[in-house]
Amino acid sequence: MAETAKKFPDVSEVISKVNGGIKKRLLHGDIMPNLRRNAAPCTAEGCKWPKHKKYVYVPVSISSKYTKDEHITIIKSLLTFHKTTCIRFVWRRWWHRHFLYFFPGTGCWSYLGRQRRGQAISLKQDGCLYWDTIQHEVLHALGFHHEQVRSDRDEYISIQTENILPGLEENFEKVATNNLETPYDYQSVMHYSKYAFSKNGKPTILAKSDPEMILGPAKGMSRNDTDRANKLYKC
């Protein structure tokens, strides 16, 4: 498999490196803005994927530009949701109006929550095809924001603004998130590392309870990540 042949970097390392040269404005580092809608608390505004009986079926299409091994990597990452949530990814058919389209774009990014028609998730071939990065972007598409910007984050972390790369301060702005009564999760696949977007190699995020804590080291979804998906979609 392609993902086992590589040394796994941190999700935020992947995103900051691969997306560094993108000229489009990405919110919080890897969220493509929807100019027609304020997507911050989008799950309260109709951008959840619909549920049918026990399951939430999300149609997907994968670009033919990916190699066979790259296809398998994406598919296996999607199947991890089947093991722990009621999300079910199915192949897109002609009658599916809304679907996720995975393509090898110029970076790693996704829209937040369900959009209209074909909804792109960019996974650059040389840089984004790790299970944790794919899960991260898919969780955005399901309606989830980054952990370090959740509404109650100031109780748990401190942002070291003096160490952030100039112009990227907005990547750390808080969002009016629905935290679904789940605890703050330093190990979430949606949490950036303590050195994310650092200009000088010094921490940009510190845990208040333990400034030495390693943040965002997950190589896959945490228990809290799957619990939130199940709570949001009433699994």
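Predicted model: local features only at pLDDT ≥ 70, side-chain atom pairs only at ≥ 80, totals over all residues.

Trainee: How do you know that the span of H3 agrees with what 12 residues should give?

Mentor: Helices here are DSSP runs of H or I, at least four residues, and strands are runs of E, at least two, both numbered from the N terminus. The expected span is 1.5 Å times one less than the number of residues. For the 12 residues of H3 that gives 16 Å, and the end C-alpha atoms are 16 Å apart, so the two agree. Glycine 143 follows H3, with a positive phi near 120°.

Trainee: What makes H3 largely enclosed by the rest of the structure?

Mentor: Buried means under 20% relative accessible area, exposed means over 50%, and partly exposed lies in between (1.4 Å probe, protein chains only). In H3, 11 of the 12 residues are buried, so the helix is largely enclosed. Among them are Asp132, Gln135, His136, Glu137 and His140.

Trainee: Which residues have the most contacts inside the largest nonpolar core?

Mentor: A nonpolar core is a set of buried Ala, Val, Leu, Ile, Met, Phe, Trp, Tyr and Cys residues joined through side-chain atoms within 4.5 Å. The largest has 51 residues, and those with the most contacts inside it are Ile74, Phe89, Leu100, Phe102, Leu123, Val138 and Leu142. Helix H3 (residues 131–142) gives the most to this core, with 5 residues. Apart from it lies another core of 5 residues, including Ile22, Leu26, Trp109 and Ala120.

Trainee: Why is the contact of arginine 228 and glutamate 147 called a salt bridge?

Mentor: The rule asks for a side-chain nitrogen of Lys or Arg within 4 Å of a carboxyl oxygen of Asp or Glu. Arginine 228 and glutamate 147 meet at 2.9 Å, N to O. They are 81 residues apart: arginine 228 is in helix H4 (residues 223–232), glutamate 147 in the loop between H3 and strand S7 (157–159). Arginine 228 has 6% relative accessible area, so the residue is buried. Glutamate 147, at 5%, also counts as buried. The whole structure holds 8 salt bridges.

Trainee: Is arginine 223 buried or exposed?

Mentor: Arginine 223 has 65% relative accessibility, so the label is exposed. Its salt-bridge partner is aspartate 227, with N and O 3.2 Å apart. Both lie in helix H4, 4 residues apart, about one turn of the helix. Aspartate 227 is at 25%, so this residue counts as partly exposed. Separately, salt bridges that share partners join Glu147, Arg150, Asp152, Asp225 and Arg228 into one network.

Trainee: How do you know that cysteine 86 and cysteine 235 form a disulfide?

Mentor: A disulfide is a pair of cysteine sulfur atoms within 2.5 Å. Here S to S is 1.9 Å. The link is left-handed, with -60° about the S-S bond. The two cysteines are 149 residues apart, with cysteine 86 in the loop between helix H2 (68–84) and strand S3 (87–91), and cysteine 235 in the segment after H4. Cysteine 86 is buried at 5%, whereas cysteine 235 is partly exposed at 46%.

Trainee: What does the disulfide of cysteine 108 and cysteine 128 tie together?

Mentor: Its S to S distance is 2.0 Å, and -95° about the S-S bond makes it left-handed. Cysteine 108 lies in strand S5 (residues 108–110) and cysteine 128 in the loop between strand S6 (118–123) and H3, so the pair ties together parts 20 residues apart in sequence. By the rule the count comes to 2 disulfides.

Trainee: What makes the pair of tryptophan 109 and tyrosine 111 edge-to-face?

Mentor: Rings of Phe, Tyr and Trp (its six-membered ring) pair if their centres lie within 6.5 Å; planes under 30 degrees apart are stacked, over 60 edge-to-face, the rest tilted. Tryptophan 109 and tyrosine 111 give 6.0 Å centre to centre and 85° between planes. Ring pairs link Tyr101, Phe103, Trp109 and Tyr111 into a cluster.

Key: Residues numbered from 1 in each chain as written. Heavy atoms only, no water.
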